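Biologist: Could you take me through this structure? I would like to begin with the strands and then move to the contacts between parts.

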There are 2 protein chains.
Amino acid sequence: MGLWYDEVFEDKLRLGLKLKRTLFTGQSDFQKVEVVETELLGKALLIDGLWMTCEGEEAPYHELIVQPAMVTSPTIERVLIIGGGDGGTAREVLRHAEVKHVDMVEIDAMVIEACKEHLPEIGTAWDDPRLNVMVGDGVAYVKEADVEPYDVVIVDGSDPVGPAKGLFNESFYRGCARLLKEEGVFVTQSESPRLFKEIHLEMVQVINTVFGAAWPYYYPVMIYGSGHWSWTYASRQTTPYDLNDERVARLEKDSRIYNRGIHHGVFALPNHVKQELAEMLVKRDA
Amino acid sequence: MGLWYDEVFEDKLRLGLKLKRTLFTGQSDFQKVEVVETELLGKALLIDGLWMTCEGEEAPYHELIVQPAMVTSPTIERVLIIGGGDGGTAREVLRHAEVKHVDMVEIDAMVIEACKEHLPEIGTAWDDPRLNVMVGDGVAYVKEADVEPYDVVIVDGSDPVGPAKGLFNESFYRGCARLLKEEGVFVTQSESPRLFKEIHLEMVQVINTVFGAAWPYYYPVMIYGSGHWSWTYASRQTTPYDLNDERVARLEKDSRIYNRGIHHGVFALPNHVKQELAEMLVKRDA
């Protein structure tokens, strides 16, 4: 007889999963970290009571945050991940043999340790020698790091509260742009376009200002409870329509979600959003 | 201090909305019918404890069940709707001036009456003189009705339990095919491809057998709690890619969700589903 664990939105909406058992509970310097086992979706990570990822529903999020950028950036040798403590994003990046080096900057060591121990099915690439994990502040990193520029920068942070708050403002995006090659691709998760519509549209607008173009894209992630989730793609030189056919063909062999049709499909936005972005002068032309 | 109303899936997953108040509760000959007012999504209809539709999240379902068929069927003068008691599907059909006559066969008069009284924002076309509402059994109708064939047949029923059960088998689809013009388009809601994957794929397979082709398509509907919802498009002669540009352009002016990009996007399926349909020999070529 398990208990329900509900993520509650503003005391108005809740998405609950029945638990089999709790595997880990900890309070880090930043947040509450929990790993539970659910009846429906296998093991799951929660941060501050919010569903982050789970075995049964991690492919949509991780394939979609990673692959549109990876199949369009002209080169993909050096990749930076901010956040991504469950390891799913690094795993998706490292599917590409062309990748030579990945820097991952996650602020919370407890998330990494809990996921390494309890969710090894999600982070399957921790031992890849191309992966360099740093525990530290991504906001400081993109401001200060003195490194070769990256081909792709991916921001896989949690919501704009707690330690991830700094990942949602213009100065952070300018730091990401500083570390990105001229023709490189930036991507960030950009919240529920339904429940956090204002935050989402504001992020898109700021990213458009920083990079000169911004393409939000949508796909549902069941555990986030709001239908569509969103990510936003940006580049000074490259567009989401500049596909590398060989990379796409390789991914199509063993992706759960991603294929060429999905790639184009996710950039098609609901009519009201499309109209609002046009009014906001967000550049989304090829 | 409202109460939570949860739709529960197999005692494993629940989607709850906080209620402001209950507007209607009734037990018809077929099912329990409720209309409530929620904090987040306005007024909502529930049948047997399952979220059916609500003011704040009805456009994705109703635009998507209707418009892909309406913009591709060569002619759209005569339309049949089975189910659709909330009136949203009829409203979307009747946006097209080319439509001359709509027959709607809903089994439960209580659903129609409750929605007319409490959800008039969804069913805005009840008084359209082109709409002929019949209270009756859709299964018997498609088997027995002696009428001119339809250009478009839309099945907007609830889940394969209770009175809607008969809408999910081959003999019913053969009845729909019997009433459809050779180049006409059939569409049905086809369940959550996530939570009811087997039922969904079985429906697609049977529809493919009956019509010679079947195109499932996906879009999220937040209140159904499973990320993607699905509908399935079928026709003996027409494909989802035969768009009537004028109709699309007219819809794009005032649709909330539907536009040309969404039309193409919804037919792009997750990679694992695409592979399974190919193995099942479902015909989805243009």
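Biologist: How do strand 1 and strand 2 of chain B pair, and over how many bridges?

Modeller: In this predicted model, strand 1 (residues 4-9) of chain B pairs with strand 2 of chain B in the antiparallel sense, over 6 bridges. Within that pairing, D6(B) has G16(B) in strand 2 of chain B as its bridge partner.

Biologist: Which residue takes a positive phi in that hairpin?

Modeller: E10(B) does, with a phi near 50°. The hairpin of strand 1 and strand 2 of chain B has 3 residues between the strands.

Biologist: And what does strand 2 of chain B do with strand 3 of chain B?

Modeller: Strand 2 and strand 3 (residues 32-38) of chain B pair in the antiparallel sense, with 7 bridges. They form a hairpin as well, with 4 residues between them. R21(B) stands opposite E37(B) in strand 3 of chain B.

Biologist: Which strand of chain A is joined to strand 2 of chain B?

Modeller: Strand 2 of chain A is joined to strand 2 (residues 13-27) of chain B by 5 bridges, and the two run antiparallel. There, G16(A) stands opposite R14(B).

Biologist: Staying with the two chains, how many residues are in contact on each side?

Modeller: 43 residues of chain A are in contact with 43 residues of chain B. The two chains bury about 3,600 Å² between them, and 54% of that is on carbon and sulfur atoms.

Biologist: What about charged and polar pairs there?

Modeller: The interface of chain A and chain B has 6 salt bridges. R194(B) forms a salt bridge with E57(A), where the closest N and O atoms are 2.9 Å apart.

Biologist: Which elements of chain A give two or more residues to the side that touches chain B?

Modeller: They are strand 1, strand 2, strand 11, helix 7 (245-254), helix 8 (260-266) and helix 9 (271-279) of chain A. Strand 2 of chain A gives the largest share of that side, 6 residues.

Biologist: Changing topic: what is the domain assignment of chain A?

Modeller: Chain A is assigned domain 1 (4-56) and domain 2 (57-279). Taken over C-alpha atoms, the centres of these two domains of chain A are separated by 22 Å.

Biologist: How much area do the two domains bury between them?

Modeller: Domain 1 and domain 2 of chain A bury about 2,200 Å² between them, with 71% of it on carbon and sulfur atoms. In domain 1 of chain A, the residues that lose the most area to domain 2 are F9(A), F30(A) and T53(A), together 22% of what that side buries. In terms of contacts, 27 residues of domain 1 of chain A meet 24 residues of domain 2 of chain A.

Biologist: How many salt bridges and polar pairs lie between those domains?

Modeller: The count is 1 salt bridge between domain 1 and domain 2 of chain A. For polar contact, the count is 7 residue pairs, both residues being at pLDDT 80 or more. Strand 1 (4-9), strand 2 (13-27), strand 3 (32-38), strand 4 (42-47) and strand 5 (50-54) of chain A each supply at least two residues of the side of domain 1 that touches domain 2. The largest share of that side, 7 residues, comes from strand 2 of chain A.

Biologist: With which residue does E121(A) form a salt bridge?

Modeller: E121(A) forms a salt bridge with K43(A), with the closest N and O atoms 3.6 Å apart. The pair links distant parts of the chain, 78 residues apart: E121(A) is in the loop between helix 3 (109-118) and strand 8 of chain A, while K43(A) is in strand 4 of chain A. Over all chains, a search of the whole structure finds 44 salt bridges.

Biologist: Finally, in what order do the strands of the open sheet in chain A run?

Modeller: The 7 strands of that open sheet in chain A have the order 8-7-6-9-10-12-11, with mixed pairing. Strand 8 (131-135) and strand 11 (215-220) of chain A each have a single partner strand, so one side of each of these edge strands has no neighbour in the sheet. The twist from one strand to the next averages 15°.

Biologist: How are strand 7 and strand 8 of chain A joined?

Modeller: Strand 7 (residues 101-106) and strand 8 of chain A run parallel and are joined by 5 bridges. In that pair, E106(A) stands opposite V135(A).

Note on methods. Residues numbered from 1 in each chain as written. Chains lettered and ligands numbered in written order. Predicted model: local features only at pLDDT ≥ 70, side-chain atom pairs only at ≥ 80, totals over all residues. Heavy atoms only, no water. Pairing = 2+ DSSP bridges. Axes fitted to C-alpha atoms, helices over the stretch in contact; angles between N-to-C directions. Domains from an automatic or database assignment. Contact = heavy atoms within 4.5 Å. Buried area = accessible area lost by both parts, 1.4 Å probe. Salt bridge = Lys/Arg side-chain N within 4 Å of Asp/Glu carboxyl O. Polar contact = N/O pair within 3.5 Å; in protein donor to acceptor, adjacent residues only side chain to side chain.
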